[in-house]
Amino acid sequence: MARNLWLWSMLALVLMAVASSIVNAHATGQQKYYKGPGTTSNLRNIVIGRCYHYMSLNPGIGGKDCSGIWQELSDAVQRKDPCNITPEDYKRLAVMGAQIIPCNKTLLWSKTNYLVHRYTKATEDFITLEDTFLGFVFNGLTWCGKPLKQGMNFKSCPDWNECENNSLSSFWKMASASFAQSSCGVVNVMLNGSADGDIARKESILRTVEIPSMGPTSVSEVKVWVIDDIQGEDKNSCNSTSLVELEHYIEEHKLKYSCIDNYRPVQALQCVDNPDSAACNKCNYQ
């Protein structure tokens, strides 16, 4: 009997020690380690500086409260679980960063990051998400808060796919939705025809966020450009299964659809760097 009492006493002490360590960890703000990099150093200064810089480049956008933009980002993520941040948490930030997007200027993209931005800089005819106020200010930055303490977590933040509602992916879903909602006229989409697998995945932001956010009364057409790498394989084209499915999906949202393989102005830009490529041969260039 005495031995049993001793065992129960020891078990109680162990449980109390474990509970105490958990409480102390929370009290001291001990953080879980995530797979992604921590909050970008000097994030506050970068955000406020980019905000003023964007206004200087785009005076027509009107005045933006740069300090307020930073404060709103902070309020959206601080003292919250970085894996429990939703696009709704950035709702006020979306309002503060809103701007008018000229009709027929929207250019969405997937797996064509370098090419699409080179093209928009060369032509100045289109606007990507990264050219908008929110995209410009926050592009390439990382951030997340601490669940139980004020301030940002500079050690690690959730990777994009580490958890569904993380601080970064939810922000870009919000920004993508705002961009699509503000678009009008023809909306263009540049996809990579040399990419492996489906180039219009069902779980992509294009499918889950951007297309559902477009207004059928304001967007007259969604025009897809399937661009092959100039020296890459032609793995996808307008008649690929993935694109045919995308067509049906877009039409289900009451939007007109069209598609073109290797849109000539984009391919011409590719040929500037690759003049000897077979795709740039005058006989093949259409």
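Predicted model: local features only at pLDDT ≥ 70, side-chain atom pairs only at ≥ 80, totals over all residues.
Residues are numbered from 1 along each chain as its sequence is written, and side-chain values use heavy atoms, leaving out hydrogens and water.

Let's see what Glu203 does with its side chain. Glu203 meets Arg201 in a salt bridge, at 3.2 Å from N to O; the term covers a side-chain nitrogen of Lys or Arg within 4 Å of a carboxyl oxygen of Asp or Glu. Arg201 is partly exposed, at 33% relative accessibility. The count by this rule comes to 8 salt bridges. Another one joins Glu88 to Lys91, with the closest N and O atoms 3.8 Å apart, and Glu88 is exposed at 53% relative accessibility.

Now follow a salt bridge between two helices. Arg207 and Glu245 pair up through their side chains at 3.8 Å, N to O. This pair links distant parts of the chain, since Arg207 is in helix α8 and Glu245 in helix α9, 38 residues apart (helices, H or I of at least four residues, and strands, E of at least two, are DSSP runs numbered from the N terminus). Arg207 is buried, with a relative accessible area of 6%, whereas Glu245 is partly exposed at 31%. Lys202 joins Arg207 and Glu245 in a network of salt bridges.

How do the two helices sit against each other? Two packed helices are described by the angle between their axes and the distance between the axes. Helix α8 (residues 205-213) packs with α9 at an angle of about 30 degrees, their axes 11 Å apart. That makes α8 roughly parallel to α9, because angles under 35 degrees count as such, over 145 as roughly antiparallel, 65 to 115 as roughly perpendicular and the rest as oblique. Leu206, Arg207, Ile211 and Pro212 of α8 make the contact with Glu245, Leu246, Tyr249 and Ile250 of α9, where contact means heavy atoms within 4.5 Å.

Helix α8 has another partner in α7 (residues 167-182): the axes of α7 and α8 come within 7 Å and cross at roughly 40 degrees. Here Lys173, Ser176, Ala177, Ala180 and Gln181 of α7 meet Ile205, Val209, Glu210 and Ser213 of α8.

Tyr257 is buried at 12% relative accessibility. Leaving out residues up to four places away in sequence, Tyr257 touches Val222, Val224, Leu243, Leu246, Glu247, Ile250 and Glu251.

Finally, visit the loop between β5 (219-227) and α9 (241-252), where Asp228 is found. Asp228 is buried yet has no salt bridge, and Lys235, the nearest side chain of opposite charge, is 10.0 Å away (Lys and Arg count as positive, Asp and Glu as negative, and His and the chain ends are not counted). Beyond its neighbours within four places in sequence, the contacts of Asp228 include Gly193, Ser194, Asn262 and Gln270. Gln270 is one of the buried residues of helix α10 (residues 264-273), along with Val266, Gln267, Leu269 and Cys271. These buried residues of α10 pack against α5 (113-123), β4 (185-192) and β5.

Technical notes: Buried < 20%, exposed > 50% of the residue type's maximum accessible area, 1.4 Å probe, protein only. Axes fitted to C-alpha atoms, helices over the stretch in contact; angles between N-to-C directions.
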